[in-house]
Amino acid sequence: MESESEGVVPTRMRRQGLWSPTAPDATTVLDSLVAMQGQEFAYALWALAQRIPTERRPTHADMLASFDRGDILRTHVLRTTWHLVLPRDVRPLLRLTTPRLRRQLVFYDRQLSLDRAELDRSQAILAGAVAGGRHRTRRELADALNAAGVEASGQRLGHLMMHAEFDEVLISGEMAGKQQTYAAFDERVPAADGPFDEDAALTDFARRYTATRAPVTAKDFAGWASLTVSRARAGLEAATHERREIDGTVFYSPPGGGPDRPECPRGGPSPRVDLLQGYDEMIMSYSQSRGVILPAGAALPVLNWDNYLHAVLVDGVLAGHWRHQLTAKDAVVQAQPIRPWSASERRAVAAAVDEYGRYLGRPTALE
């Protein structure tokens, strides 16, 4: 992949809306991406906002308001982790991916004594707790379960809540201060428009996934959507994508834009710096071909688990990691290079931090 990365990286950065963004708002961004991994909630909201042109970019407060309204929802889907999703996409994504996700949880559910009867019992309690527009924190729901005689703590609570999301009982609610809440699924998610058509849903998501992430492989799509490789390949083929082989690997792109045609120029003069959250779709959308953003000689993983989870890209290539430290009045972005930065790169990083500070709505310094 290294030999082809010069074309692949700018194409992906442009398609993902990171370079030369055009989306008018966050819901348009999420509509194009289908879903965005979002367990680092504050950073995930930034990942949506940074794909909107600077002159129209919402602030963090704007993003929270959109989340509170239910324009953007947060739930476990695609993989057994949090994702940001549009309300209209939640049901088809769950119905497409949860059969395999449930199988991944079977061993742990057995260890936690979570059979179907126990899940049904817990979900009746949870549904009652959030009925009528009541948004409850995780702690409040745990208290309701425990009071009714359902053990709800630690990993067992996590699995109870995740199954309630899979079974379309719970979905994210509005913020309660700094705590997130759960709401009744049917009160925040529109009703299904007819019976679920698995093949149509797969083709639609394959088309939208590739439109914003190409060039991709079938293994990339399979890993992203928890599908078998054969099922992922069928979705890509049904979406009538171009197929191109590079070094023995088949890549898919929408018609007119293959991986060996770098039609997407860099979004601005070099060096271009992008502060990505560690679970950004530029990283997590790819399993087989993620390494194109790594410098020559580097190895996966991209994420840095030593407290600096997030990625500093210089001209689309990983050059360091970052995190923020927030107070009520200001913020500090701490950066950790993985190689020496030139003077121009340091200035570009500082400019990116200033841009992030404007999004946060508070003075932000680079450390």
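Guide: The radius of gyration here is taken over C-alpha atoms, and the globule rule is 2.2 Å times the number of residues to the power 0.38. Keep in mind that this is a predicted model.

Visitor: Okay. What radius of gyration does the protein have, and what would a compact globule have?

Guide: The protein has 21 Å. With 367 residues, a compact globule would have a radius near 21 Å, so the two agree.

Visitor: What box do the C-alpha atoms fill?

Guide: Roughly 60 × 50 × 35 Å, taken along the principal axes.

Visitor: How much of the protein counts as buried?

Guide: 54% of the 367 residues. The accessible surface comes to about 15,400 Å². Carbon and sulfur atoms hold 50% of that surface.

Visitor: And what share of the contacts is between residues 24 or more positions apart?

Guide: 65%, counted among contacts with a separation of 6 or more.

Visitor: Secondary structure next. How many helices and strands?

Guide: The protein has 14 helices and 13 strands.

Visitor: Take the sheet with β9 in it. What is the strand order?

Guide: β9-β10-β11-β12-β13. It is an open sheet of 5 strands with mixed pairing.

Visitor: Which strands stand at the edges?

Guide: β9 (273–276) and β13 (364–366). Each has a single partner strand, so one side of each is left without a neighbour in the sheet. The twist averages 25° from one strand to the next.

Visitor: How do β10 and β11 run, and how many bridges join them?

Guide: They run antiparallel, with 5 bridges. β10 covers residues 310–314 and β11 covers residues 317–326. V314 stands opposite V317 in β11.

Visitor: Which helices pack on that sheet?

Guide: Helix α3 (residues 41–49) packs on it and touches β9, β10 and β11. The direction of α3 makes about 125° with that of β11. Helix α14 (residues 343–360) packs on the sheet too, touching β9, β10, β11, β12 (331–337) and β13. The direction of α14 makes about 160° with that of β13.

Visitor: Now the 3-stranded sheet. What's the order there?

Guide: β1-β3-β2, an open sheet with antiparallel pairing. The edge strands are β1 (35–37) and β2 (73–76), and each pairs on one side only. Here the twist averages 35° from one strand to the next.

Visitor: How many bridges between β2 and β3?

Guide: 4 bridges, in the antiparallel sense. β3 spans residues 82–85. R74 stands opposite L84 in β3.

Visitor: What does α2 touch on that sheet?

Guide: α2 packs on the sheet and touches β1 and β3. Its direction makes about 90° with that of β1.

Visitor: Staying with α2, how does it cross α10?

Guide: Their axes come within 7 Å and cross at roughly 110°. That makes α2 roughly perpendicular to α10.

Visitor: Which residues meet there?

Guide: D31, S32 and L33 in α2 meet R208, T212 and R213 in α10.

Visitor: Back to strands. How does β6 pair with β4 and β5?

Guide: Strand β4 (residues 136–137) and β6 (residues 181–184) pair in the antiparallel sense over 2 bridges. In that pairing, T137 stands opposite T181 in β6. Strand β5 (residues 170–172) and β6 run antiparallel, joined by 3 bridges. S172 stands opposite Y182 in β6.

Visitor: New topic: cis peptides. Which residues does the one at P215 join?

Guide: A214 and P215, with omega about 0°. P215 lies in the loop between α10 (198–213) and α11 (218–225).

Visitor: And where is P271?

Guide: In the loop between β8 (249–253) and β9. The peptide bond from S270 to P271 is cis, with omega near 0°.

Visitor: What about phi at S20 and S113?

Guide: S20 is not a glycine, yet its phi is positive, about 50°. Phi of S113 is near 60°, also positive in a residue other than glycine.

Visitor: Where do they lie?

Guide: S20 is in the loop between α1 (5–15) and α2 (26–33). S113 is in the loop between α5 (87–111) and α6 (116–130).

Visitor: Is S20 exposed or partly exposed, and what about S113?

Guide: S20 has 33% relative accessibility, so it counts as partly exposed. S113 has 51%, so it counts as exposed. The cut-off for exposed is over 50%.

Definitions and conventions: Residues are numbered from 1 along each chain as its sequence is written. This is a predicted model: local features need pLDDT of at least 70, side-chain atom pairs count only at pLDDT 80 or more; totals for chains, interfaces and linings use all residues. Side-chain values use heavy atoms; hydrogens and water are left out. Two strands pair if DSSP finds at least two bridges between them. Axes are lines fitted to C-alpha atoms, for helices over the stretch in contact, and angles run from 0 to 180 degrees between N-to-C directions. Contact means heavy atoms within 4.5 Å. Buried means under 20% relative accessible area, exposed over 50%, partly exposed in between (1.4 Å probe, protein chains only). Accessible areas come from the Shrake-Rupley method with a 1.4 Å probe; for residues, only the protein chains shown count as cover. Angles under 35 degrees count as roughly parallel, over 145 as roughly antiparallel, 65 to 115 as roughly perpendicular and the rest as oblique.
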